[in-house]
Amino acid sequence: MRIVCVGGGPAGLYFALLMKKLHPEHQVTVVERNRPYDTFGWGVVFSDQTMASMQVWDKESADEIQQAFNHWDDIEVLFKGTRQRTTGHGFVGIGRKKLLNILQARCEALGVELTFETEVESDLEYPDADLLIVSDGLNSKIRNKYAEIFEPDMAVRPNRYIWLGTNKLFDAFTFDFRKTDHGWFQAHIYKFDENTSTFIIETTEEAYQAHGLGEMDQQQSIDFCQDLFAETLDGSELMTNARHMRGSAWLNFTRLICGKWSHFNGNSHVVLMGDAAHTAHFAIGSGTKLAIDDAIELANQFNKAGHGKDSISDVLKVYEDIRRVDVARIQNAARNAMEWFEVVGQRYADTLPPEQFMYSMLTRSQRISHENLRLRDKDWLEGYEHWFAQLSGLEVKEKERCLPPMFTPYTLRGTTLANRIVVSPMAMYSATDGVLDDFHMVHLGARAMGGAGLIFAEMTCVSPDARITPGCLGLWNDKQIAGWKRFVDFAHANSNAKVGIQIGHAGRKGATKRAWDGIDQPLEEGAWPLFSASPLPYLKQSVVPKAMNRADMDRVKADFVAATKRAAETGADWLELHCAHGYLLSSFLSPLTNVRTDEYGGSHENMTRYPLEVFAAVREAWPENKPISVRLSCHDWAEGGNTPEDAAIYAQMFKDAGADLIDCSSGQVSKEEKPVYGRLFQTPFSDKIRNEIGIPTIAVGAISEADHANSIISAGRADLCAVARPHLADPSWALHEAAKIGLKSVAWPKQYMSAKAQYEANLDRAAAAK
């Protein structure tokens with residue numbers, strides 16, 4: 001094949017040398033706009049894993065890179081006068097110029113033609129190319145020429161950064177956070193050769209403008225940064241190699257995703273690689289890794305399919321399918337890390353203690369979990385667990401394993417939970433006339449004995465016409481109080497679990513069949529009239545609800561108060577007001593369901609008027625020493641609906657009204673929703689509300705193992721974790737997860753102690769067999 005790589009960065013050079021090595025008959029050319037030894041930026045980083053792959057694919061260049069790189073395991077965080085360090089992280093740092101020079105020399109040794117100081121304007125300049133690799137970076141001219149085909153999606157991020165260097169050598173990947181009168185600045189620092197360290201400084205647009213950095217020239221910007229980080233630099237100077245840039249040299253990162261990566265132009269197959277195809281923020285140091293991995297995978301597919309021209313089309317399809325998955329995973333992690341730094345001042349730096357700030361920063365990408373930190377640095381993590389346990393009021397003994405965060409107690413008002421695991425409210429649709437009966441006793445009782453700290457039943461309806469289905473629980477009469485009291489007494493007598501009652505009104509989503517008979521489908525007989533904020537049906541075939549008038553509001557508020565008083569009679573420990581998922585109170589909070597033009601619609605203040613009125617009445621009726629949480633839909637996942645920013649506004653209003661905690665869910669407000677699912681996908685909503693609004697939260701959604709819960713709680717992303725479907729599959733989920741992480745101090749019910757020993761022994765045997 002005739003192969004032309006446009007762009008002489010890591011992607012183009014590495015692919016060129018691999019293809020020439022694998023099949024010397026290929027005629028391979030790399031075309032680069034710069035001179036042979038010109039490069040911008042300082043050091044680059046990639047992981048030990050990428051280095052191991054390079055050893056497999058081209059040992060010669062990998063050996064030379066290995067001799068030139070700097071390897072370090074430690075991360076150090078400088079924050080509020082503290083210096084914290086952890087090890088086991090495995091990074092490789094090398095000067096970008098040195099890396100390119102090694103790859104250039106290896107290309108030449110293999111017979112790759114290198115052409116420098118040549119600007120390529122179009123793919124049509126190489127009509128003889130069978131395969132044209134577009135690896136010319138973010139601003140690729142060829143990709144932009146075929147924008148309708150490649151569908152580049154570019155998002156300019158809000159933070160500003162400047163990429164500098166220094167001759168001070170750092171022996172760890174160092175993060176330094178400095179507060180100014182106008183906001184926080186952070187430095188990302190790492191050594192990449194025997195003389196130099198990269199020194200990237202980042203801040204918000206607001207801080208950048210307030211300090212006048214946009215009006216400064218480069219030297220003035222460098223002087224500002226040098227003064228700000230003088231303590232860390234310890235007399236060393238900051239340097240730039242971007243004198244060619246105008247102005248102060250501060251940049252905004254641009255995130256790139258492409259809808260398609262390849263195209264046949266009539267003569268040549270054109271394929272994107274590296275930063276021309278995708279970008280990932282430097283917060284996790286993944287740009288070079290992605291470029292190298294692209295090159296390896298495309299070469300690998302040619303190796304499998306054959307190096308002939310007739311295989312190109314099929315190879316490119318497989319290459320894109322495989323790489324798109326890994327790139328999406330890395331970009332997702334990079335986005336999480338990037339967003340952490342974008343909000344670090346308003347969300348974390350001013351609120352978290354240094355120990356928790358460090359943990360939050362280490363796990364910012366959500367790729368590094370609690371148990372992964374234990375593998376990396378057991379001593380550091382166990383020291384953190386001791387700190388967290390003491391913060392939770394536990395006495396800990398030095399050098400003894402203590403309870404991890406998810407199993408520490410948590411107190412709100414006069415209620416103390418034995419641990420931080422919550423059984424989510426999950427609709428069972430199995431009540432008769434709203435009564436909690438034998439099914440619920442077995443269902444909820446098993447989960448109370450299964451180790452969770454707080455047990456919620458499904459949404460408990462405040463009146464017969466507040467039900468979702470005829471099978472929903474209720475609290476509108478004395479018989480229902482008795483059913484609830486029976487369970488509350490059982491849980492208190494036979495477990496350490498506390499009991500929560502979530503009260504709510506279905507609104508426009510009421511009078512439907514049980515889920516297994518047709519979820520959300522209207523009842524064909526026995527239906528009841530529906531209320532909502534506005535006369536908008538949930539489904540096209542749903543009943544059109546009546547828009548509530550003042551008389552309706554008064555009656556329903558009275559129902560909530562009466563249900564609250566009945567809940568107090570049951571002896572329950574916790575009350576939750578359901579303002580989520582498109583039910584009645586939620587319907588007032590979303591512009592998708594509230595189109596009123598009176599004092600209950602339009603602005604945030606108007607839309608919360610009635611839900612806050614109900615909350616105030618409920619709070620007054622509920623015992624002062626017991627907590628009330630509010631469940632919110634923190635994202636409608638639909639165009640024109642609420643976003644996390646709206647949810648934060650509502651959370652502040654409920655906090656001001658006396659709410660003790662926000663239960664952060666999302667969706668189910670509109671059937672037009674398009675949620676982005678994934679592991680812990682709703683935790684960011686909890687993180688935002690907890691740390692920006694300053695109110696405790698429950699995280700929910702795709703939390704399925706102890707590692708998830710410990711990571712969330714340790715990092716301060718939530719105070720409690722609600723687990724739903726895993727608790728349906730395993731009533732003793734909390735006890736089993738404790739055993740899986742080797743925690744044998746968590747008590748099981750006395751009746752089940754023999755099973756505890758056997759369960760733990762079987763886990764030990766399985767681990768030994770591995």
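**Reading cores and cysteines**

Author: C472 has a relative accessibility of 2% and counts as buried, where buried means under 20% relative accessible area, exposed over 50% and partly exposed in between, with a 1.4 Å probe and protein chains only. The model is predicted, with local features needing pLDDT of at least 70 and side-chain atom pairs pLDDT 80 or more, while totals for chains, interfaces and linings use all residues. Residues are numbered from 1 along each chain as its sequence is written, and side-chain values use heavy atoms, leaving out hydrogens and water.

Reader: How many disulfides does the structure hold?

Author: A disulfide is a covalent bond between the sulfur atoms of two cysteines; here it is counted when the two sulfur atoms lie within 2.5 Å. The structure holds zero disulfides. The sulfur of C5 is 8.0 Å from the closest cysteine sulfur, that of C107, which is too far for a bond, and C5 is buried at a relative accessible area of 0%. C472 is likewise in no disulfide, with the sulfur of C461, the nearest, 4.6 Å away.

Reader: Which residues touch the most other members of the largest nonpolar core?

Author: A nonpolar core is a set of buried Ala, Val, Leu, Ile, Met, Phe, Trp, Tyr and Cys residues joined through side-chain atoms within 4.5 Å. In the largest, of 199 residues, they are F15 and F177. This core draws at least three residues from each of domain 1 (2-340) and domain 2 (414-739), bounds that come from an automatic or database domain assignment.

Reader: What is F15 in contact with, leaving aside its neighbours within four places in sequence?

Author: Taking contact as heavy atoms within 4.5 Å, the partners of F15 are I3, C5, L131, I133, M273, A295, L298, A299 and F302.
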